[in-house]
Amino acid sequence: MARKFLVGGNWKMNGSVKLAETIVNALNQGKWSPNVEVVIAPPFPYLQLVRNTLRKDVGVSAQNCYTESKGAYTGEVSTEMLKDLSIGWVILGHSERRMIFGESDEFVGKKVHAAVKAGLSVIACVGEQDAEREAGQTTAVVFRQIKAIADQLAPADWANVVIAYEPVWAIGTGKVATPQQAQEVHNELRGWLAKNVSQEVADATRILYGGSVSAKSAPDLQQEQDIDGFLVGGASLKDQEFLQIISSRQ
Ligand code: PEP
């Protein structure tokens with residue numbers, strides 16, 4: 001089954017009105033293959049501006065959301081609010097949320113469930129830390145993380161979930177995984193889905209690679225069979241480089 005290549009841009013806590021306008025203008029004028037889907041994830045304050053001015057065939061994603069739809073949760077943003085702003089996507093379980101804000105596997109799973117139930121599409125992130133890779137625990141870590149997500153989902157829910165494999169040692173470090181390293185883990189994750197959810201879900205679920213993707217590394221990475229797109233951090237703030245990454249896939 002053909003999986004449409006997806007390139008996501010995670011701005012993290014970066015940007016300004018000016019930068020949002022620059023990136024929106026570049027994407028609005030950009031041309032790329034119809035076989036590539038693009039989603040950008042600005043910080044919350046810029047979501048509405050971006051959604052209102054960006055071409056409609058490019059998705060807009062939040063970088064987080066809470067499990068409850070409303071109430072006394074100061075500082076949180078609900079799935080209902082995202083939908084109210086016509087935001088179709090949310091990134092959940094990013095390693096920065098897990099490590100800096102202490103989000104557990106179980107909490108990430110619950111958020112993925114809440115977002116999917118609300119009708120949002122989710123980019124759910126998994127990935128091992130450097131020491132875990134060194135200790136030969138990569139597979140165990142990503143399987144534990146994906147299981148916590150799968151435990152919260154019915155097989156049909158996977159139609160709205162994209163996995164992003166983001167080795168923590170590659171995020172923001174300039175140390176990109178080799179195509180072979182990424183392919184190996186993507187293949188294992190797909191195998192996990194086949195064994196624990198269904199072959200159909202394994203075949204249809206997109207698995208993105210994230211971690212220092214650049215215009216230089218994208219062409220080789222995109223050739224791997226189980227790499228179905230990228231989640232791009234730093235380079236998504238550079239409009240022309242982001243367009244080059246999108247165009248690495250034809
Ligand atoms: C990310 O934030 O998801 C990411 C992969 O960042 P970078 O591309 O900067 O490593």
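Me: Is Ser-212 buried or exposed?

Reply: Ser-212 counts as buried, because it has 20 C-beta neighbours inside 10 Å. The cut-off for buried is 20 or more. Keep in mind that this is a predicted model.

Me: Where is Ser-212 found?

Reply: Ser-212 sits in a loop, with strand 7 (207-210) on one side and helix 10 (218-221) on the other.

Me: How should I read a phi value?

Reply: Start from the general rule: most residues other than glycine have a negative phi. Now the case here. Ser-212 has a phi near 60 degrees, a positive value in a residue other than glycine.

Me: Where does Lys-12 lie?

Reply: Look in the loop that links strand 1 (5-10) to helix 1 (17-29). Lys-12 has 18 other C-beta atoms within 10 Å, so it is partly exposed.

Me: Which residues come nearest to the ligand?

Reply: There are 14 residues around the ligand, and Ile-171, Gly-210, Ser-212, Gly-233 and Gly-234 come nearest. The shell splits into five nonpolar, seven polar and two charged residues.

Me: What is Ile-171 in contact with, leaving aside its neighbours within four places in sequence?

Reply: Ser-95, Glu-166, Gly-210, Gly-211 and Gly-233. Ile-171 itself belongs to the loop between strand 6 (161-165) and helix 8. It is buried, because 22 other C-beta atoms lie within 10 Å.

Me: How many residues apart along the chain are Ile-171 and Arg-249?

Reply: They are 78 residues apart, and 21 Å separates their C-alpha atoms.

Me: Next, helix packing. What describes two packed helices?

Reply: Two quantities do: the angle between the axes and the distance between them. Take helix 7 (residues 138-150) and helix 8 (residues 179-196): their axes come within 10 Å and cross at roughly 45 degrees. Helix 7 and helix 8 are therefore oblique to each other. The crossing of helix 7 past helix 8 is right-handed.

Me: Which residues of helix 7 and helix 8 make the contact?

Reply: Helix 7 supplies Thr-138, Thr-139, Val-142, Phe-143, Ile-146 and Ala-150. Helix 8 supplies Val-185, Glu-188, Leu-189, Trp-192 and Asn-196. By class, the contact of helix 7 with helix 8 has seven nonpolar residues, three polar and one charged.

Methods: Residues numbered from 1 in each chain as written. Predicted model: local features only at pLDDT ≥ 70, side-chain atom pairs only at ≥ 80, totals over all residues. Axes fitted to C-alpha atoms, helices over the stretch in contact; angles between N-to-C directions. Helix = DSSP H or I, 4+ residues; strand = E, 2+ residues; numbered from the N terminus. Parallel < 35°, antiparallel > 145°, perpendicular 65-115°, else oblique. Left-handed = near helix turned anticlockwise from the far one by under 90°. Contact = placed C-beta atoms within 7 Å. Nonpolar A, V, L, I, M, F, W, Y, C, P; charged D, E, K, R; others polar. Near = placed C-beta within 6 Å. Buried ≥ 20, exposed ≤ 12 C-beta atoms within 10 Å, placed from the backbone.
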